There are 2 protein chains.
Amino acid sequence: MEMNDDIKERLKECGLKNTKHRKAILDFMFCSRVPASAEQVYIQMNGQGTSIDLSTVYRTLETLREKGLLIKHDRLNDTRALYEYNRMEHKHYLVCLGCNKMLPIKDCPLAEYERALEKATNFVIAGHKLDIFGYCAECQEKGLQE
Amino acid sequence: MEMNDDIKERLKECGLKNTKHRKAILDFMFCSRVPASAEQVYIQMNGQGTSIDLSTVYRTLETLREKGLLIKHDRLNDTRALYEYNRMEHKHYLVCLGCNKMLPIKDCPLAEYERALEKATNFVIAGHKLDIFGYCAECQEKGLQE
DNA sequence: ATTGCAAATGCAAGTCATTTGCAATATACA
DNA sequence: TGTATATTGCAAATGACTTGCATTTGCAAT
């Protein structure tokens, strides 16, 4: 498969051994359109026949993050971190306060604002982090928005 | 003291008993110009002669947050949460990556953007968190922006 | 001032996500 | 194929916080 070869190649580039666990996790992360927790990855792996220990999942996610293949989100609300395949895109997230689901948002309303801010403050701006919180449609139905 | 009476009044308004622990913690938070962790509060209390258990610190901070007297920051980098006296201001921070200085920014460029986002996503938006990173004038001079 | 009782506290034990030590195993490359 | 080294599973540890429960305290009604 093309994607698998690509994944394999990316591991090699990073100086990582191509193990079935790593390949399976990176594959899954690549295909997942929303960030996933270590436990979700663990359940997915064991569900799809790739037997793996939870600690290995944690170690693998961290290794892949170190190499820049994944992005780690330390959640502000929930207690557990989420990981996501790094597609090298600048984006923000709409975070549901009910179920902690993260919805990536592609467009960014801040580019012009940053330029104005640079002039006003003498900072050289290197980047920003924006999370928007709210309640998704399902949680609104469940009455979770209190 | 005026401030103490004010603090006492605020506790009463919230239906909270005026205990020496709560008063001491709220006092400290009011005076502190930077957010503090539970452990920092614990050390401060016991250092100033207000003997208190760590679990009580946690419970107190959470109670005060529930009542809106404090703001909780789940820091992105550190593992522990920080609390800060709620002065009822919406603000963002320009954070210097060289010296960690935080410059508060009063204006917020996101109100209109949020309204558009609500329509586009069916989320009910409750708030947002924006930090902008860069290098301040002094750190630029020091060549710290790598 | 005294009392009654819910709220607040201390202490110890419990959670829960994540990390780590170590022995067993798998991989890359000679 | 052999072997040095990276990776894994398992169990135990960590660290920030939370909770159960018996005791104490604040405060409102006597």
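Student: How far does a backbone N or O atom of B:Ser51 lie from a phosphate oxygen of DNA strand C?

Tutor: This is a predicted model, in which local features need pLDDT of at least 70 and side-chain atom pairs count only at pLDDT 80 or more, while totals for chains, interfaces and linings use all residues. Residues are numbered from 1 along each chain as its sequence is written, chains are lettered from A and ligands numbered from 1 in the order in which they are written, and side-chain values use heavy atoms, with hydrogens and water left out. A polar contact is a pair of N or O atoms within 3.5 Å; within protein, one must be able to donate a hydrogen and the other to accept it, and residues adjacent in sequence count only if both atoms are side-chain atoms. For B:Ser51 the distance to the phosphate oxygen of DNA strand C is 3.4 Å.

Student: Which residues come nearest to DNA strand C?

Tutor: A residue is near a strand if one of its heavy atoms lies within 4 Å of it. DNA strand C has 21 residues around it, and A:Tyr58, A:Ala81, B:Thr19, B:Arg22 and B:Thr56 come nearest. Of the atoms of DNA strand C within 4 Å of the protein, 65% belong to sugar and phosphate.

Student: What area is buried between chain A and chain B?

Tutor: Buried area is the accessible area (1.4 Å probe) that two parts lose on being put together, summed over both. Here the value is about 2800 Å², with carbon and sulfur atoms giving 73%. Contact, meaning heavy atoms within 4.5 Å, takes 32 residues from chain A and 32 residues from chain B.

Student: How many bridges join E6(A) to strand E6 of chain B?

Tutor: Strands (E, at least two residues) and helices (H or I, at least four) are DSSP runs, numbered from the N terminus; two strands pair if DSSP finds at least two bridges between them. In this case 11 bridges join the two strands, which run antiparallel. Within this pairing, A:Tyr135 stands opposite B:Val124.
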